[in-house]
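Welcome, and thanks for taking a look at this one.

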Number of protein chains: 2
Amino acid sequence: MVGLRERKKEQTRRRIAAVALALFAERGYDAVTVNEVAAAAEVAKATLFSYFPSKEALVLHGIGEDDLAGIVTRRPPGTTPLAALRAHFRTFAAGQDPGPFDAPALIGQVRIVFDSPALSAAAHTLLHREREALTGALTPDAPGLLAALMAAQITAAVTTLKEAFFRRLLAGESPAAAAAALAADVETAFDLLEHGFSGAGR
Amino acid sequence: MVGLRERKKEQTRRRIAAVALALFAERGYDAVTVNEVAAAAEVAKATLFSYFPSKEALVLHGIGEDDLAGIVTRRPPGTTPLAALRAHFRTFAAGQDPGPFDAPALIGQVRIVFDSPALSAAAHTLLHREREALTGALTPDAPGLLAALMAAQITAAVTTLKEAFFRRLLAGESPAAAAAALAADVETAFDLLEHGFSGAGR
DNA sequence: GTTCAATTCTGCACCAGGTCTGGTTATTCT
DNA sequence: AGAATAACCAGACCTGGTGCAGAATTGAAC
């Protein structure tokens with residue numbers, strides 16, 4: 001049973017996020033204060049911070065959630081972690097299972113992030129947490145430092161892939177074209193992970 | 001000619017950093033305000049911020065400066081970037097060329113960083129900048145995305161190595177023992193980079 | 001339909017990191 | 001010595017974020 005209370009909460013949350021993104025897109029992240037966002041969304045500042053833990057979270061709420069660790073732990077038996085991850089990004093690049101991928105809204109969000117150093121740094125921190133989770137997921141398959149190294153390299157590669165993808169979108173490429181380029185990049189990245197630099201260009 | 005003015009400046013800068021590190025080590029980074037640091041160092045807050053751009057910089061001023069990009073661009077002709085980097089970390093682990101490596105002071109600094117999530121995140125951001133520089137240094141040798149991928153993987157591996165090394169120091173291992181362990185880890189990490197996951201455990 | 005408890009929201013004071021300003025002191029140059 | 005310049009200081013001010021007392025809203029019991 002979803003009561004009126006919860007519906008209103010969800011509504012308020014959405015309103016705050018939407019108002020914030022609109023303001024940030026219009027005038028830039030740093031030039032908008034949380035007081036303004038709260039006023040525009042018609043809530044008190046304390047209420048805003050009860051919905052979102054920080055100003056950054058207003059932009060980063062649904063970004064960069066790949067759950068790499070989950071993909072590894074839930075992979076079909078008999079496959080390597082790397083193969084499972086490669087398959088995941090292949091399907092994503094093929095346009096299948098794009099998750100909650102609302103192109104125009106996402107592009108706006110990503111543009112805000114790219115334009116603000118503070119937000120880029122915050123996004124980076126989120127990835128750091130994912131790296132730790134991935135290390136845990138890899139530990140059964142690789143001893144000690146190796147799991148940490150692999151996790152670090154995988155998240156590094158994935159970040160690079162996503163940055164390249166987003167950069168294309170921001171440059172105006174169509175989602176289809178960007179996805180096609182991503183498909184090729186995925187193979188490059190995972191080949192590099194799998195066979196190392198000695199097998200790559202130079 | 002190094003005048004009195006510059007000597008005093010350098011002296012003030014050192015005093016601020018030393019006082020800050022002492023306070024942070026004693027009571028924890030988050031529990032000390034910059035006002036307290038300024039008061040203890042007998043300068044005005046504005047003066048403190050003219051020497052250090054942020055509170056974080058008080059701790060991170062001489063940390064994590066590997067200049068990976070420089071190592072790559074200045075490598076002897078005929079060697080690959082990866083070989084140059086491996087050689088660099090080998091010599092470091094062998095205790096040669098430890099740079100400004102004052103163990104007790106550094107350990108104190110590192111402990112403060114490890115203890116504070118805010119500082120860890122900030123340290124991460126610094127590494128991100130180094131990654132961009134490294135991408136530039138690799139671009140002549142690898143086309144487009146490959147340079148970015150390599151740079152990301154290298155910095156990821158180096159970060160992991162340094163974290164493991166510092167963790168040993170913080171756990172009480174002697175610098176010599178930690179360096180020996182690091183020497184082995186360096187080979188593991190660079191073998192992984194060179195030959196990929198397919199050549200590693202599993 | 002009224003009452004009552006639990007949530008939620010508000011308004012406001014407050015804290016900490018950082019920036020800005022105007023005026024004061026110390027160093028350097030002539 | 002005196003003028004120019006650099007550093008410093010005290011303090012006001014802004015912004016992100018938290019804490020708190022009380023008002024408003026919801027859900028449920030009667």
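Predicted model: local features only at pLDDT ≥ 70, side-chain atom pairs only at ≥ 80, totals over all residues.

The largest nonpolar core has 98 residues, and the members that touch the most others are Met150(A), Ile154(A), Ala157(A), Met150(B), Ile154(B) and Ala157(B). As a general background, nonpolar side chains in soluble globular proteins tend to be buried together.

**Where the two chains meet**

- How many residues does the contact take from chain A and from chain B? The contact takes 35 residues from chain A and 35 residues from chain B.
- On the side of chain A that touches chain B, two or more residues come from each of α8 (117–138), α9 (144–170) and α10 (175–195) of chain A.
- Of these helices, α9(A) provides the largest share of that side, 12 residues.
- Sorted by class, the side of chain A that touches chain B holds 18 nonpolar, 13 polar and four charged residues.
- The copies meet through the same surface, because 100% of the interface residues of chain A are also interface residues in chain B.

**The fold of chain A**

- Chain A has 10 helices and zero strands.
- The C-alpha atoms of chain A fill a box of roughly 55 × 40 × 30 Å along the principal axes.
- Of the 202 residues in chain A, 31% are buried.
- Among contacts in chain A with a separation of 6 or more, 61% join residues 24 or more positions apart.

**What the UniProt record says**

- An unreviewed UniProt entry annotates residues 10–70 of chain A as "domain: HTH tetR-type". In the model, this span is 66% helix and 0% strand, with its end C-alpha atoms 27 Å apart.
- UniProt, again in an unreviewed entry, lists residues 33–52 of chain A as "DNA-binding region". Those residues are 75% helix and 0% strand, and their end C-alpha atoms lie 14 Å apart.

**Around the DNA strands**

- There are 22 residues around DNA strand D, of which Gly3(A), Thr33(A), Ser54(A), Lys55(A) and Thr47(B) come nearest.
- The surface near DNA strand D draws at least two residues from each of α1 (4–27), α2 (34–41) and α3 (45–51) of chain A, and from each of α1 (4–27) and α3 (45–51) of chain B.
- Which helix gives the largest share of the surface near DNA strand D? That is α3(B), with four residues.
- By class, the surface near DNA strand D has seven nonpolar, seven polar and eight charged residues.
- Around DNA strand C there are 21 residues, and Val43(A), Thr47(A), Gly3(B), Thr33(B) and Lys55(B) come nearest.
- For the surface near DNA strand C, two or more residues come from each of α1 and α3 of chain A and α1, α2 (34–41) and α3 of chain B.
- Here α3(A) gives the most, with four residues.
- The surface near DNA strand C splits into seven nonpolar, seven polar and seven charged residues.

- Most residues other than glycine have a negative phi. Glu42(A), however, has a positive phi near 60°.
- Glu42(A) sits in the loop between α2 and α3 of chain A, and it counts as exposed because it has 11 C-beta neighbours inside 10 Å.
- Glu42(B) also has a positive phi, of about 60°, and lies in the loop between α2 and α3 of chain B.
- Beyond residues up to four places away in sequence, Val19(B) touches Val37(B), Ala40(B) and Ala41(B).
- Val19(B) and Ala41(B) are 22 residues apart along the chain, with their C-alpha atoms separated by 6.1 Å.

How values were computed:
Residues numbered from 1 in each chain as written. Chains lettered and ligands numbered in written order. Near = placed C-beta within 6 Å. Nonpolar A, V, L, I, M, F, W, Y, C, P; charged D, E, K, R; others polar. Contact = placed C-beta atoms within 7 Å. UniProt positions renumbered as here; feature names shortened; annotations may be inferred. Buried ≥ 20, exposed ≤ 12 C-beta atoms within 10 Å, placed from the backbone. Core = buried A, V, L, I, M, F, W, Y, C linked by C-beta atoms within 7 Å.
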